[in-house]
Structure formats: C-alpha cells, structure tokens
Amino acid sequence: MLRYFLPFVVLLLCSGCFEHRRFSRKEIRKDLTSRGVPVKVVYYDTLGRTIRYLKIGADTLPRKMILIHGSPSSLEGLRYYLSDPDIQRGTQLIAPDRPGYGESDYGWGEKFISRQSEVLSLMLRQTRDERPTLLLGTSYGATVAVRLAMDHPGYFDRLLLTCGSYRPGAEKIYGLSKIVPVLSSLIPGFIHVADDEKQNHRPHLEAMVPLWDRIRIPVTMVHGLEDRLLYPDNPLWAARQLTNAPEVNVLYLAGQRHGIMWTARPFIKPLILRELEALPHRHRVALP
C-alpha cells in the first residue's frame, strides 16, 4: 500500500500550495524585526481553538491587507510577500495560520469552510478599524477568503483571489487520498489536515452558492490556464455568481499551473501593489 501511497504524497507536496514549515520567532526576527519592521505575534482562543496571526507594520499605516494561505501550507508560505518592503510600504499586513497549520493547533484541522470563517472572525474583530482593507486569499485560502467576505461584508474594500476553488466539483480529487485516514499515524499532520479539507470541499462549496450575492466589493481573480488541481473554469463560474460586485476582473496566466503565488511572482507582486493602490482613501463602510 505504501508503494502506491508515496506517489500521492509527492503529488500533494508538488501541488503548488505546499509549505508546511512554521514561521518561527527566530525567522520573524531575521526577516522583519532586524530591519526595524514592527511585528506583533498574536494568539487567541475561540470556539475551542487556538489561532496565531501576525501583524506586520504599525497600526498607524493608512491601509491594511489580510492574507489567507492555501493548503497544505501556513503563513510561512506567504513569507515572500509578508517580507517584501514594497508591499509593506504604507500597508499593515495581517496573516493567520489557518486551523491545523503552523502554530494554530497544528495537525488538528477544520473541514467546514464556514467554521474556518467563524474561527478567524475574532482576528477580524481584533484588527478592525476605519482603514481601507484588501483581503487576499490563495488556493484553499481563496475559498476561505470568499467565505469571510460573505460572512463579514462590511469589513473589506477589495478582494484579491489567486488559484482558488469556487465551483463545486471543479477540482481534481486523487483516488489514493482515500487511504490517508488509514495511514494518518504514519504521515505528517499537515497532509492529513489538507486531505481532510479537500475530501469535504464540495458540500461546503455547494452551501456557499446562494451567498455569493453578499459580496458587494470589487473582486479580482487570477488563475493559471494549466491548473490541473483547481480547474481554470473556477473564476469564470464565480464571476457569474458575483451579481452585486461593482467590478469583477478575471485574469488568466498562460503556461501557469496551480502554484502561481511562487511561479508567477513577477506578475503577482505588481498586481498586489495595484490592488492596494486601488483601495479607497477611507473604508467605505462606517463602523457601528
């Protein structure tokens, strides 16, 4: 059985979202603190979970961006962008480890997308203010970002999604993944968490179908034309559901597969900067 399981593990690790390392305090000091960038590491308990997130940059910066990582991954997978001085300029960056990854209950995942949104809600409340906010999600994190935008429509001003899963069933499911639970004691926790998310993906996407009209902010979606994990028709399907979004942009990258946050950095970084510049000067929705 292991002879057939190993190719599946290799495929999962090469999926383009793979980054299981944890962004340690030593690495944070090396990347950020040593350059004089203010960093706050926050842990909070909610709904029986412990979640970690980073706040990079001062609360006085004029805008902020929340970044949601993919699967299997952690906020370490976004380290290139979190550490970039151009992206940091004028923008506070906020990035959590999603449940089951990094230092957020590593190995104990959450298969319900709606529940992930609930768990991250306290982070949103703790960081909410009147600054304009860009919400960025990649891969499975894009799906979670969509759900956050549905559940908290007044919190964000723009939504940027890369290589995301939106249409129920429009993704590759490997048959060998069915044996992951059987071998759970033999494989790393992050693979078990990622597989549990993927195996339960479709019904939770179906539950989100009637909620797309809650999104009333500009949305940009980027996808690789050669993505064999989450199929390229995902963003076009999502665009048809975004009936109340004032602006919807769908961008395809020729020759790119699923890992565009890494393989297409020369495109993704300028896009992030343009999305930040497109934010309004003030948050559009007044705080209660």
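Student: What is the relative accessibility of Arg214?

Tutor: In this predicted model, Arg214 counts as partly exposed. That class lies between buried (under 20% relative accessible area) and exposed (over 50%), using a 1.4 Å probe and protein chains only. The relative accessibility of Arg214 is 37%.

Student: What pLDDT do local features need here?

Tutor: Residues are numbered from 1 along each chain as its sequence is written, and side-chain values use heavy atoms, with hydrogens and water left out. Because the model is predicted, side-chain atom pairs count only at pLDDT 80 or more, totals for chains, interfaces and linings use all residues, and local features need pLDDT of at least 70.

Student: Which residue meets Arg214 in a salt bridge?

Tutor: A salt bridge requires a side-chain nitrogen of Lys or Arg within 4 Å of a carboxyl oxygen of Asp or Glu. The side chain of Arg214 meets such a partner with an N to O distance of 3.7 Å. The pair links distant parts of the chain, 63 residues apart: Arg214 is in the loop between α8 (201-208) and β7 (219-224), and its partner is in helix α6 (residues 140-151). This partner is partly exposed at 24% relative accessibility, and it is Asp151.

Student: How many residues apart are Asp233 and Arg167?

Tutor: The two residues form a salt bridge whose closest N and O atoms are 2.7 Å apart. Asp233 is in the loop between β7 and α9 (234-241), and Arg167 is in the loop between β6 (158-162) and α7 (189-199). Asp233 is partly exposed at 28%, as is Arg167 at 33%.

Student: Which helix holds the partner of Asp86 in its salt bridge with Lys269?

Tutor: Asp86 and Lys269 meet through their side chains at 2.7 Å, N to O. Asp86 lies in helix α4 (residues 85-88) and its partner in another helix, at residues 265-277, so the bridge ties together parts that are 183 residues apart in sequence. Asp86 is partly exposed at 31%, whereas Lys269 is buried at 17%. The helix that holds Lys269 is α11.

Student: What is the relative accessible area of Arg89, which belongs to a network with Asp84, Asp86 and Lys269?

Tutor: Salt bridges link Arg89 with Asp84, Asp86 and Lys269 in a network. Arg89 lies in the loop between α4 and β4 (91-96), and its C-alpha atom is 9.8 Å from that of Leu273, 184 residues away along the chain. Arg89 is exposed, and its relative accessible area is 54%.

Student: Is strand β7 largely enclosed or open, and how many of its residues are buried?

Tutor: Helices (H or I, at least four residues) and strands (E, at least two) are DSSP runs, numbered from the N terminus. Val219, Met221 and His223 point one way from β7, while Thr220, Val222 and Gly224 point the other way. β7 is largely enclosed by the rest of the structure, because the buried residues number 6 of the 6.

Student: Which strand is joined to β7 by 6 bridges?

Tutor: Two strands pair if DSSP finds at least two bridges between them. On one pairing, β6 and β7 run parallel and share 4 bridges, with Leu159 opposite Val219. The pairing with 6 bridges is also parallel, and Gly224 has Leu253 as its bridge partner there. The strand, residues 248-253, is β8.

Student: What percentage of the residues of the protein chain count as buried?

Tutor: The chain has 11 helices and 8 strands, and a search of the whole structure finds 20 salt bridges. Of its 288 residues, the share that counts as buried is 56%.
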